[in-house]
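Please look at the sequence and the model together, and keep both in view while reading the explanation below.

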Amino acid sequence: MMAQYIALKQQAGGSLLFYRMGDFFELFFEDAKIAAGVLDIALTSRGEHDGAPIPMCGVPVHAAEAYLARLIRAGCQVAIAEQTESPAEAKKRGGSKTLVARDIVRFVTAGTLTEDALLEPRRANVLAAVCEVRGSIGIAACDISTGRMELEECTADGLGAALARLGPSELVAPEGFAEGAYAAVPRAAATFDSARGEARLREVHGVATLDGFGAFSRAMLSAAGGLIEYLDHAGRGKLPFLLPPVVRETGAHMAMDEATRASLEILSSSTGGRKGSLIEAVDRCVTSAGARLLAEDLSAPLTGLAAIRARLELVSWLHDDPLLRGDLRARLRAAPDLGRALGRVVAGRGSPRDLGQLRDGLGEARRVQGLIAARADRPALADALLPALAGHGALIDLFARALVPAPPTERAQGGFIAEGYDAALDELRRMAGNSRRAIAALEAKYRDETGVAALKIRHNGVLGYFIEVPARHADRMMASDSGFTHRQTMAGAVRFNALALHEEASRIAEAGGHALAAEEAHFEDLVASAVKAREAIAATAAALARLDVAAGQAERAAEGGWSLPRVVDEPRLAITGGRHPVVEAALAAKGERFVANDCVLVPDDRLWLIGGPNMGGKSTFLRQNALIVLLAQAGGFVPAQSATVGLVDRLFSRVGASDNLARGRSTFMVEMVETAAILAQATPRSFVILDEVGRGTSTYDGLALAWAVAEAVHGGNRCRCLFATHYHELARLAETCEALSLHHVRAREWKGDLVLLHELADGPADKSYGLAVARLAGVPAPVVKRARAVLDKLDKGRAATGGLAAGLDDLPLFAAIQHEAEEAPVDALRERLGALDLDALSPREALDVLYQLKRAAEGAAP
């Protein structure tokens, strides 16, 4: 046995090997030590190998999913080794001592999960593959639990943003890709071949050409080839459910890098969980599929005006009709997760319960279709979704006739095919039922014949049916003429068999076996019917999810008093009474009110410089406007009295930073890297929020950097920007930057206490109130008092010298580095010339000076 295990372990490579032995999956050697530590189960030993005990642990097969989930979350991969023949087949093949054959049937990895117990219901489980082809990066991504597959192409600089949007559970890449910059599973580079990828896609979808699916680049096809090869490896030759690939067009979605997503806490908060994130504040979906689609919408807001308006029109329609919205949400709430049930069925891991979910989900879709079709004022997107909700009448009828109302999750014991669907199966069940009644009659008969009232007929998996009596009554049944045959002696009971019981047990086993075989055949037929209609069912699941997102967005808008944004193709942003959805929800939970603020950015006033104290609300104001833009372009209502949003191609947020120890970067280094990305990538159609640029270094360096960055954003990128700062000296930029205006968050000191008003006002901040905030934070009074004395002295010195910004009035904007380099020698020549007394020079001296100046101009020593 250990030889078989070791051979399978070599095939498993770095994966933990789940080796099936009876009702347990066993692990040995180092695998056992790792699993025992992760799962907190007992580590035992079995036999010896090379003179040492073999570590061993195991988990029950019936509970394996729960243990697999914990191992996958811990970053492990698992290979499942199952028996590929029965003990009887093994005995027939090689004799009574022949080992049952086993083989790895599947690799379980983070990106290849389909089981409900292993997946998060409200989050997509994405597997992605990336590769480089002639300078372009190809990305193939799929969620095999629903079959959705997307292909895209980007530049090397855009890969980080693309992966941040996808949020893959597992990433596959060629060996040596990006020199390990991304945590990817390395695969042979030969598997990332565009011709092979194209051939595999044609093979999977049974088509002669991919032209009907879209125009795919070589990079996309290469990534697709690597992805399908990995899925083939994980499934040991059996591919999961894959829908035809969809091309994600470059520029069709708002670009956001990883730092922006983390800063805005779109899908997870800074603590790492869903609580406190944007999606938690927005999500009112009643289905898991809807919640997954909402997460995708928020991760990739649209940039196409027509598509955004179509989504908004559907949300507005449902928002304005509460009765329709309520009826629709009630129908959707009753629908199971159609997409994931289909994924399991097509992948060959489906159960009778999954078939029941297809029946129930398609039935609810038909009712939803009737509900919407009855309305005459339907928006265009609702009309577009209607055809996908219908057309499954024959399949629904088939499943309704074939399946019991609540099918079981396991099919091994049968009982899932409805009575009346198959007359022959009904007869087999009747025979088995009659035999069980005959067993009960036999039990009564044997009690009368023996006079043993405690006699019972029992059943187990080893002996089958047997007669059991207390040990004190066994003697009378041991007689040779009693008609009973001794089977087993227990501590307090003795077990017997009888000819009539054996005959009835045989009839039960035969009828039951035939019944199970008949149900299994029906199950395979029903699965084949579902597989045949898989693309149409997937389209229905997608339509239900889109309706759920729209209804959930409408519900959230009605609940919070949100407004329908006006999205326009202009470089402007006009928000009245804007609020931060997450902060507002947190304050409402404490019975407090959020202070709303306005924001208006237009071409001649596109850069707001915002000052004010810490805790005054600057960061919240910055983030709320970015989130309003994001929500509007995702196709939902926004937390504001009104909002006009000019299309944003890229959204950047540099708000807060922390040390990145893994990459050896300090807080300031992280801040500068993020700022550099903004300056390099932001366009006039972008929206940027910057908070406290330059605070991580010395005061002079920080002010200089903040000054230069503000100038560059204003005159170079020319994008809409909110720039929060504590550097009061930056207010002077308003004198030279025509599209920059000054604003501040209001605060007042009242009887020695700081009152933060969280209101935005025009004009520069008068001071930072840093000491007052320190006092609020609990800094000891002597320390605050000493700080105030130091501050007074610094203020006097600044007043005397003109402050940090003294001399900046004459600083030319956007001075090129080349010009700055040239200024040094020119200034030296000017100083030499200015020091000369020309009237006192003789002709000879004047000629010598001229030669010196010439050498100085040429860069030589004068």
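Predicted model: local features only at pLDDT ≥ 70, side-chain atom pairs only at ≥ 80, totals over all residues.

Residues are numbered from 1 along each chain as its sequence is written, and side-chain values use heavy atoms, with hydrogens and water left out.

Helix 1 spans residues 2-12, and its buried residues are Met2, Gln4, Tyr5, Leu8 and Ala12; helices here are DSSP runs of H or I with at least four residues, and strands are runs of E with at least two, numbered from the N terminus. Buried means under 20% relative accessible area, exposed means over 50%, and partly exposed is in between, with a 1.4 Å probe and protein chains only.

Helix 12 can be read in a similar manner. Its 13 residues (322-334) should span 18 Å at 1.5 Å a residue, and the end C-alpha atoms are 19 Å apart, which agrees; the expected span is 1.5 Å times one less than the number of residues. Leu324, Arg325, Leu328, Arg329 and Leu332 of helix 12 are buried, and, seen down the axis, they fall within an arc of 125°, so they line one face of the helix. Pro322, Leu323 and Arg333, on the other side of helix 12, are exposed. The buried residues of helix 12 pack against helix 11 (305-319), helix 14 (352-373) and helix 20.

Helix 20 (residues 534-560) also meets helix 15 (residues 380-389), and their axes come within 8 Å and cross at roughly 145°; axes are lines fitted to C-alpha atoms, for helices over the stretch in contact, and angles run from 0 to 180 degrees between N-to-C directions. Helix 15 contributes Leu381, Leu385, Ala388 and Leu389 to the contact, and helix 20 contributes Ala539, Thr540, Ala543, Leu544, Arg546 and Leu547.

In the loop between helix 20 and strand 17 (566-568) lies glycine 561, which is in contact with Arg579 and Ala640 when its neighbours within four places in sequence are left aside. The C-alpha atoms of glycine 561 and serine 222, which are 339 residues apart along the chain, are separated by 48 Å. Serine 222 is found in helix 7 (residues 218-234) and is buried, with a relative accessible area of 3%.

Finally, alanine 454 lies in the loop between helix 17 (423-450) and strand 13 (456-460), and at 36% relative accessibility alanine 454 counts as partly exposed. Leaving aside neighbours within four places in sequence, alanine 454 is in contact with Glu468 and Pro470.

Conventions. Contact = heavy atoms within 4.5 Å. Arc of directions from axis to C-beta.
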